[in-house]
Amino acid sequence: MSRIPEPLDLHARIARQVAARAERLWDLSLALHREPETAYEEHRAAGLLGDELEREGFRVERGVAGLPTAFVGRAGAASPSPEATGRRVALLMEYDALPLLGHACGHNLIATAGLGAALALHTVLGEVEGSLLAVGTPAEERGGGKVTLVEAGVFDGVDAALMFHPGVYDWAWAPLTASAQVRVGFHGRAAHPTGNPTEGIDALGALVQLFNTLGVLSRRLPPGSHVQGIVSDGGRATNIVPEYAEGLFGLRGVTTAALEALLDELRSCARGVALATRTTVEVTDVGGRYEHFRDSEVLSGLFSGHLARTGIRLSEPAPGVYVGSSDIGNVSTRVPAIHPFVAILGSEASTHTPQFAEASAGQRARQVMLAAAEALACTAVDVLLRRDVAETAWAGLRKKAAAGL
């Protein structure tokens, strides 16, 4: 019988593997940073990352789930199906950038940390029963590539989904809310505002009234919930009563259930405004919904411990602070998952700014990316080598799901 390797031995070997690839990983991170690609357009990034995986022996499937810039690299068991033997870990990579701002959310670092973790883990995978998926997930900033990948079954049979995110806090897990976008269109009747004003039904006036109504609603929303809207179509000319007006609204809730309740409130407000203004209204979803994030405490604890060896210590999030939404939420409600934040700037700064984009190519970003790659790979080893880790993670997920948390 072959000897089961000790976790500490594998952790040390993984650290050496990440260190050996440090320059290559950083060069790739800078290459992504220099040529940022926005949602669903990340062809060069997906190509570079997939090529690196293939070069080191992964079986890479490109264009997964009908998304040209999504990919899955597989190592270990030939199939990611639930029937395959051993436990299964997914390491996630994001690589889309923001319009005009480039990598102002640091996805170049997420991509290369996930890549580095996958390559390092691959070198010891033959000594551990189980398999690895290196998943390229496009369009986190707009559209939600992970939503599509979840629906396509990419994460079926996975015991842990692991990624990290650069930020302005050192937090063991991410307080990420559920979110959705909806389009609200009011239909009225065109008329001349002075020639025959009584014949007009002002669709823009109805939309403005909806904004006012939602302003009143917002004052009684619970912490973590909000509605933010813009006018996406307000008419064509000032001498025509607008027969159509449209608003785009983003909604967030601390939980997916809270988001659904808020969506119901918005629809009720829209119908009430339509009744009062003699318009008709339609409310339609825009893109996939992001569910709230369910942290796996056992996995986050392991990641935090591994990261601490590199000199970076994580804490619990500040109570009542919510940092946005992400499609990792849709993964985390089905599979034990982590999404820690590791700071590359101080808490006085913010993501989605030119300052953060610059920091994503700085020396602190390099240190964080390599440390995160090592910690992710070591956490993956724990899942594959220790049966109790996966069992505890699944039990925690089921408990949170039953409580609606």
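## Exercises on a predicted model

In this predicted model, strand 7 (178–187), helix 6 (203–218), strand 8 (226–233), strand 9 (244–253) and strand 10 (280–285) are among the elements that cover the buried residues of helix 7.

**Exercise 1.** Check the length of helix 7 (residues 256–277), then find its buried side.

*Solution.* 
- Start with the span. Helix 7 has 22 residues, and at 1.5 Å a residue they should span 32 Å. The end C-alpha atoms lie 32 Å apart, which agrees.
- List the buried residues of helix 7: Leu259, Leu262, Leu263, Leu266, Cys269, Ala270, Val273 and Ala274.
- Turn to the face pointing away from the buried side. There the exposed residues are Ala257, Arg271, Leu275 and Ala276.
- Arg278 follows helix 7 and has a positive phi, near 65°.

**Exercise 2.** Work out which strands stand at the edges of the open sheet.

*Solution.* 
- Write the order of the 6 strands: 1-2-4-3-5-11, with mixed pairing.
- Read off the ends. Strand 1 (59–62) and strand 11 (337–338) each have a single partner strand, so one side of each lacks a neighbour in the sheet.
- Look at one pair. Strand 3 (residues 87–93) and strand 4 (residues 130–136) run parallel, joined by 7 bridges. Arg88 has Ser131 in strand 4 as its bridge partner.
- Helix 11 (residues 363–385) lies across strand 3, strand 4, strand 5 (160–162) and strand 11. Its angle to strand 3 is about 160°.

Terms used: Residues numbered from 1 in each chain as written. Predicted model: local features only at pLDDT ≥ 70, side-chain atom pairs only at ≥ 80, totals over all residues. Heavy atoms only, no water. Helix = DSSP H or I, 4+ residues; strand = E, 2+ residues; numbered from the N terminus. Expected span 1.5 Å × (residues − 1). Buried < 20%, exposed > 50% of the residue type's maximum accessible area, 1.4 Å probe, protein only. Contact = heavy atoms within 4.5 Å. Pairing = 2+ DSSP bridges. Axes fitted to C-alpha atoms, helices over the stretch in contact; angles between N-to-C directions.
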